[in-house]
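I opened my notebook for a first look at a structure that was new to me. Here is what I looked up, entry by entry.

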Amino acid sequence: MQLVDIGANLGHESFRHDFDAVLQRAREHGVGRMIVTGASREGSEHALALAHAHPGVLWATAGVHPHHAVDYDDATDAQLRELAQDPAVRAVGETGLDYHRNYSPRETQLRAFERQLAIAAELGKPLFLHQRDAHGDFVALLRRWRDRVPAAVVHCFTDSREALADYLALDCHIGITGWICDERRGTHLRELVRGIPANRLMIETDAPYLLPRTVRPQPSHRRNEPMYLRHICMEIARDRGEAAETTAAHSTATAEAFFGLPPA
Ligand SMILES: [Zn+2]
């Protein structure tokens, strides 16, 4: 089983003390390639540095998460534009809208999102998108830009059947995390993943967040890491009624095509 973790926040400080061991464990669990999420100006720089240090294993995205939209100024825009031109940066984002927490005002989020849509359009890069409790505004803006960007993945999809239909109608890819293993809030996803075409489905851990609740034994520190992608893949395969090898092969081929990765 050869898996690609399309969303790993490996620049997170919790990985600093044992980074190489994390990559080693991932490899031992079939996760040989990862896309490091850039979610802020400094975070995107860090993600790219990690990708440069681990060629053929790590690639990066460059973007500003809606939580940090208040920090998005002209200097940030210029820097993202520069980072996004590096060959190791394979998508613009994480960007989007998050009205669940509203750490940044909605107007500010919308403006930062649209400026990043413009970068992706100008550079012809795919988008790595985040949406929470903001589907209406999110899909309206995405619809206006969709024809100008080559591809877009709605990462960590947790929304409704209707939202999923909207994204698939816009020819978006869908990223599924261990949220699906959460019996308190993820059970609806177990049914919805059956309706995602194999060539639109990608899988991710969102490490160090979202440790799958069905992983046994549960690590005492609660930190999620890319090696658990294998567990997520097996759960999704069961929900789709197919062999884990099938889910693995399809999601990996889809990720290779989406991010332009060389075959492993
Ligand atoms: Zn996110």
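Before anything else, I wrote down one definition: a residue is buried when its relative accessible area is under 20%, exposed when it is over 50%, and partly exposed in between. I also noted that this is a predicted model.

**Entry: backbone at Asn102**
I began with Asn102, which lies in the loop between E4 and helix H4 (106-123). Asn102 is not a glycine, yet its phi is positive, about 50°. Is Asn102 buried or partly exposed? Its relative accessibility is 31%, so I put Asn102 down as partly exposed.

**Entry: backbone at Asp171**
Next I looked for another positive phi, and I found one at Asp171, near 55°, again in a residue other than glycine. Asp171 sits in the loop that runs between helix H6 (161-169) and strand E7 (173-176). With a relative accessibility of 37%, Asp171 counts as partly exposed. I marked these entries because most residues other than glycine have a negative phi.

**Entry: cis peptide bonds**
I then turned to the peptide bonds, most of which are trans in general. The bond from Gly93 to Glu94 is cis, with omega near 20°. I found a cis bond between Ala207 and Pro208 as well, where omega is about 5°. Pro208 belongs to the loop between strand E8 (201-203) and helix H8 (229-240).

**Entry: the zinc ion**
Glu94 came up again here. Which protein residues are the donors of the zinc ion? I listed Glu94 through OE, His130 through ND1 and His155 through NE2, at 1.9 to 2.2 Å from the ion. Along the sequence, these donor residues follow the spacing E-x35-H-x24-H. Glu94 in strand E4 (residues 89-98) and His130 in strand E5 (residues 127-132) are 36 residues apart, and this pair links distant parts of the chain. I checked the cover on both: Glu94 is buried at 4% relative accessibility, and His130 is buried with a relative accessible area of 12%.

**Entry: a charged patch**
My last stop was the surface. Where does negative charge gather in a patch? I found it on the surface at Glu42, Glu45, Asp71 and Asp73. I followed up on Glu45, which is part of helix H2 (residues 41-53). Its relative accessible area is 43%, so Glu45 goes into my notes as partly exposed.

Conventions. Residues are numbered from 1 along each chain as its sequence is written. This is a predicted model: local features need pLDDT of at least 70, side-chain atom pairs count only at pLDDT 80 or more; totals for chains, interfaces and linings use all residues. Side-chain values use heavy atoms; hydrogens and water are left out. Patches are made of residues with over 30% relative accessible area and no salt bridge: like charges are joined within 9 Å, nonpolar side chains (Val, Leu, Ile, Met, Phe, Trp, Tyr) within 5 Å. Accessible areas come from the Shrake-Rupley method with a 1.4 Å probe; for residues, only the protein chains shown count as cover. A salt bridge is a side-chain nitrogen of Lys or Arg within 4 Å of a carboxyl oxygen of Asp or Glu. Lys and Arg count as positive and Asp and Glu as negative; His and the chain ends are not counted. The place of a charge is taken as NZ of Lys, CZ of Arg, CG of Asp or CD of Glu. Helices (H or I, at least four residues) and strands (E, at least two) are DSSP runs, numbered from the N terminus. Buried means under 20% relative accessible area, exposed over 50%, partly exposed in between (1.4 Å probe, protein chains only). Donors are N, O and S atoms within 2.8 Å of the metal (3.2 Å for Na, K and Ca); water is not among the atoms, so sites may look incomplete.
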